[in-house]
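Here is a friendly set of exercises on one model, each with a worked solution. Keep the viewer open and try each task before reading on.

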Amino acid sequence: MATPSTLGQRRTAALLLSPFLGLFAAVTLAPLLYAAWLSLFTTRTSGLGFGGTESVFAGWDNYVRALSDPEFLDGFLVIAAYCAVYIPVMIGAALALALLLDSGLAKARSFFQLALFLPHAVPGLIAALIWVYLYTPGLSPVVDLLASGGIGVDFLSADHAVLSTANIAVWEWTGYNMVIFYAALQAVPRETLDAARVDGAGAVRTALSIKVPMIRPAVALAVMFTVIGSIQLFTEPKVIYNASSAIGSSWTPNMYVQTAAFQNNDFGLAAAASLLIALFAAALSFAVTRISRRGSKP
């Protein structure tokens, strides 16, 4: 039987959690439930288009349409190529910078932490617009400089869209993850590092054999969040699409959802595709978590 003090603690905990639970229900659960309900219906016209529209129960038809649409499925191939380029480069650069800042050779650490983090403080849309300017021939000093050296690269072409998008994301998120890794490195016991130095381990050996394994959970968490964010890729390719139209309006899964909802007015298909993206992200994050746990076991 619960004592009065236990009941009081439970009431206090419920009171403190209620604002979060209320917001979570309002901005997460409610939209998910509404999207699930919306995905079960489709809009049809009658009378050769002159009889108005009506919402008709479609069951799983919208999910079947999304999964059988090559444009929707091709979007995941684009995400896979994007992740293959973006994640190793960004995580590797963030980890290397964090290790450099944590080393005894680094000077003015606070200044470099702030300087490297500043690109993340720029809103994603603004960052994408800046890079599209740097990608545009005739406007970009970078493109003009490369052209003067005999190197002609069309960063806004379909062939380079994945690399151009990944470059924007690397610029935005390297500093953010560097701060996470640097904070994790501060928790590495100094006695362990001193023991490694006494045993004759150099700076590189210490970093690779001691520091990196000890912050593996932080790296795995960053990879998981990066994977989830990559699946939701939208802003950068959308800005590139508006600037050049070299890629399609359904180049990524989120762009497919936006096109279905706001260009084709097919909200049932858009809701079904959104839920499929969410399920895929959940499954992928679960897989990344399981893999990282297995890798952390001795």
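**Exercise 1. Find which helices supply at least two residues each of the lining of the largest pocket.**

Solution. Step one: the helices are α3 (70-102), α7 (161-185), α10 (216-231) and α11 (235-244); helices are DSSP runs (H or I, at least four residues), numbered from the N terminus. This is a predicted model: local features need pLDDT of at least 70, side-chain atom pairs count only at pLDDT 80 or more, and totals for chains, interfaces and linings use all residues. Residues are numbered from 1 along each chain as its sequence is written, and side-chain values use heavy atoms, leaving out hydrogens and water.

Step two: the pocket has a volume of about 440 Å³. Of its 24 lining residues, Y86, W173, F225, G229 and S230 are the closest to the centre. A pocket here is an open set of points on a 1 Å grid over the protein atoms alone, where a 1.4 Å probe fits, with protein on both sides within 12 Å along at least five of seven lines; lining residues have an atom within 4 Å of a point. The volume is the space filled by probe spheres set on the points, which are joined across faces, edges and corners.

Step three: α10 gives the largest share of the lining, 7 residues. By class, the lining has 14 nonpolar, 8 polar and 2 charged residues (Ala, Val, Leu, Ile, Met, Phe, Trp, Tyr, Cys and Pro are nonpolar; Asp, Glu, Lys and Arg charged; the others, Gly among them, polar).

**Exercise 2. Describe how α3 and α10 cross.**

Solution. Start with the axes: they come within 10 Å and cross at roughly 145° (lines fitted to C-alpha atoms over the stretch in contact, with angles from 0 to 180 degrees between N-to-C directions). Next, look at the residues: among those of α3 that meet α10 are Y82, Y86 and M90, and the α10 side includes V223, T226 and S230 (contact means heavy atoms within 4.5 Å). Finally, sort by class: this contact has 13 nonpolar, 2 polar and no charged residues.

**Exercise 3. Is A273 buried or exposed?**

Solution. First place A273 in helix α13. Its relative accessible area is 0%, so A273 is buried (under 20%, with exposed over 50% and partly exposed in between, for a 1.4 Å probe and protein chains only). Then list its contacts: A273 touches A66, F72, Y256 and V257, not counting residues up to four places away in sequence.
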